[in-house]
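Colleague: Thanks for sitting down with me over this one. Could you walk me through the fold and what lies inside?

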Amino acid sequence: MTDRAAFSKVPAITLGFWVIKILATTLGETGGDTVTMSWLGETTPHPVPGGYLIGTALFGLLLVLLVWAQIRARAFNPWLYWATIVASTTCGTTLADFADRSLGIGYPGGSLLLFACVLLSLFAWHRTLGSVDVNRVVGPREETFYWITITFSQTLGTALGDWAADDASEGGLGLGYGGGALAFGAGLALLAILYFTGRKVNRVFLFWAAFILTRPLGATVGDFLDKPVAHGGLEWSRPLASAVLALVIVGLIFILPQRPGQHPGASESEA
């Protein structure tokens, strides 16, 4: 099996990919908050004990099942792939909230802990298989590390988004949802410039950096949709916002080309 054949299970990295990815991360924020904050009441006067941990367990189980199905799939399936991405970002939302709040280590501590998890995942991937290049994912072990790293990167992105947007009185940087979205959007724009103009910049690094930064962008947009007006949000119903986002994603999967492809830099690794 060649690298190209193995990577026919993931979509080509196009503008459409990044659009759906940002919407999926936004859905992960509103969907995770729906379960832990609205249904389990973590932000109400009478929360269910361990709500963030319960939410993480529920979405974690779903993620494991979808990753198992994704690994066993013989060919690229856009519905399965994007369902797994949504599951990873939703699990990332509840896991980041648990790390930031339930563990009592705050946004800086949670972000550092999750960054360490990303580095540990990459280290274990490299130590076991000799490379962390996503173009070399050719079997179940490589794909397992791929999805583990994605999930940790989604979780880290959630923590960074909350840290940037929340008020200083709550331990955040006080950028607000709009300011946070602009900051992370600018970061993505810089990565895009480096990708198109910096030929010596490592493409694998750019991919993972962009993958991480799309998450806090989606997180701040998701919070903007469902947080109270007094806190700078639109105060949409979380279930309603999640349903609207899910419908938009489904529509885009139908409309935008969903062809199998390779991650950036594949042509270089094959040369």
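Modeller: Happy to! One term before we start: a nonpolar core is a set of buried Ala, Val, Leu, Ile, Met, Phe, Trp, Tyr and Cys residues joined through side-chain atoms within 4.5 Å. Please keep in mind that this is a predicted model.

Colleague: Good to know. How many helices and how many strands does the protein have?

Modeller: Read along the sequence, the pattern is α-α-α-α-α-α-α-α-α-α. The count is therefore a matter of DSSP runs, numbered from the N terminus. That gives ten helices and zero strands.

Colleague: What radius of gyration does the protein have, and what would a compact globule have?

Modeller: The C-alpha trace spans about 60 × 40 × 35 Å along its principal axes. For 271 residues, a compact globule would have a radius of gyration near 18 Å, and the protein agrees with that, at 18 Å.

Colleague: What share of the contacts with a separation of 6 or more joins residues 24 or more positions apart?

Modeller: Contact here means heavy atoms within 4.5 Å. Among contacts with a separation of 6 or more, the share from residues 24 or more positions apart is 72%.

Colleague: Now the interior. Which residues touch the most other members of the largest nonpolar core?

Modeller: Buried residues make up 51% of the 271 residues. The largest nonpolar core holds 47 residues. Those touching the most other members are Tyr81, Ile85, Tyr146, Trp208 and Phe211.

Colleague: And which helix gives the largest share of this core?

Modeller: Several helices contribute at least two residues each, including helix 2 (15-39), helix 4 (78-102), helix 6 (140-165) and helix 8 (203-226). The largest share is ten residues, and it comes from helix 8.

Colleague: Which residues does Phe211 touch, leaving out those up to four places away in sequence?

Modeller: Phe211 is one of the core members with the most partners in the core. Beyond four places in sequence, Phe211 touches Phe17, Trp18, Lys21, Ile85, Ile150, Ser153 and Gln154.

Colleague: Is Thr214 buried or exposed, and what is its relative accessible area?

Modeller: Thr214 sits in helix 8. Not counting residues up to four places away, Thr214 touches Trp18, Lys21, Ile22, Thr25 and Leu188. Buried means under 20% relative accessible area, so Thr214 counts as buried, with a value of 1%.

Colleague: Last one: how far apart are the centres of the positive and negative side chains?

Modeller: The protein has 16 positive and 18 negative side chains. The centres of these two sets lie apart by 14 Å.

Definitions and conventions. Residues are numbered from 1 along each chain as its sequence is written. This is a predicted model: local features need pLDDT of at least 70, side-chain atom pairs count only at pLDDT 80 or more; totals for chains, interfaces and linings use all residues. Side-chain values use heavy atoms; hydrogens and water are left out. Buried means under 20% relative accessible area, exposed over 50%, partly exposed in between (1.4 Å probe, protein chains only). Helices (H or I, at least four residues) and strands (E, at least two) are DSSP runs, numbered from the N terminus. The radius of gyration is taken over C-alpha atoms; the globule rule is 2.2 Å times the number of residues to the power 0.38. Lys and Arg count as positive and Asp and Glu as negative; His and the chain ends are not counted. The place of a charge is taken as NZ of Lys, CZ of Arg, CG of Asp or CD of Glu.
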